[in-house]
Amino acid sequence: MTAPDPDGLLAEQLLRLTRRVHRIQKRHLERRELGITPAQSRLLRTLAHYGSPPRMADLAERLEVVPRAVTTLVDGLEAHGKVRRVPDPANRRVIRIELTDEGRETLRELRAARRAAASEILAPLGEREREQLGELLNTLVDGPPGPPCEEGTTQRPGGRDS
């Protein structure tokens, strides 16, 4: 009989939670009938963080996808009036992507859908548990990158293998 693998269990729980979060967010998006995909919603949220319209290459880098994928997403959003392509004032050959008023309204709806999904997911937790979860998630999201993983080993704090 093999010993229980607590890290394996945690990994499975994280993957299951991620899938559940995506399912619930997708359901909330569909209820609002925004007519955009989760990938398009991610592009809109990313676009909103720029102070000025970014180039498609900038979006691809930020989203960690190939530029062709951004082109496809922008095509769909542009067809629905959420974004528009605008020429770069300093270089006519460069195209930048900006949100339209309809795109900004869609972002407001997206944020409301995400809040509703988060509320549903977090409903079983009390205030203190939510605070603890937030602290733990910040540690995982903002923590330093670990060394490369090798199959069959896990790194303990301090760099020791188990």
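Predicted model: local features only at pLDDT ≥ 70, side-chain atom pairs only at ≥ 80, totals over all residues.
Local features need pLDDT of at least 70 and side-chain atom pairs count only at pLDDT 80 or more, while totals for chains, interfaces and linings use all residues. Residues are numbered from 1 along each chain as its sequence is written, and side-chain values use heavy atoms, with hydrogens and water left out.

Q: Which residues of helix H5 are buried?
A: Helices are DSSP runs of H or I with at least four residues, and strands are runs of E with at least two, numbered from the N terminus. Buried means under 20% relative accessible area, exposed over 50% and partly exposed in between, with a 1.4 Å probe and protein chains only. Asp-101 and Arg-115, on the other side of H5, are exposed. The buried residues of H5 are Gly-103, Thr-106, Leu-107, Leu-110, Ala-113, Ala-117 and Ile-121.

Q: Within what arc do the buried residues of H5 fall, seen down its axis?
A: The arc is that of the directions from the helix axis to the C-beta atoms. The buried residues of H5 line one face of the helix, because they fall within an arc of 125°.

Q: Is Leu-59 buried or exposed?
A: Leu-59 is placed in helix H3 (residues 56-63). Leu-59 touches residues including Tyr-50, Val-70 and Ile-97, where contact means heavy atoms within 4.5 Å. Its relative accessibility is 0%, so Leu-59 counts as buried.

Q: What is the relative accessibility of Leu-140?
A: Leu-140 belongs to helix H6 (residues 127-142). Leu-140 counts as exposed because its relative accessibility is 62%.

Conventions:
Lists of a residue's contacts leave out its neighbours within four places in sequence.
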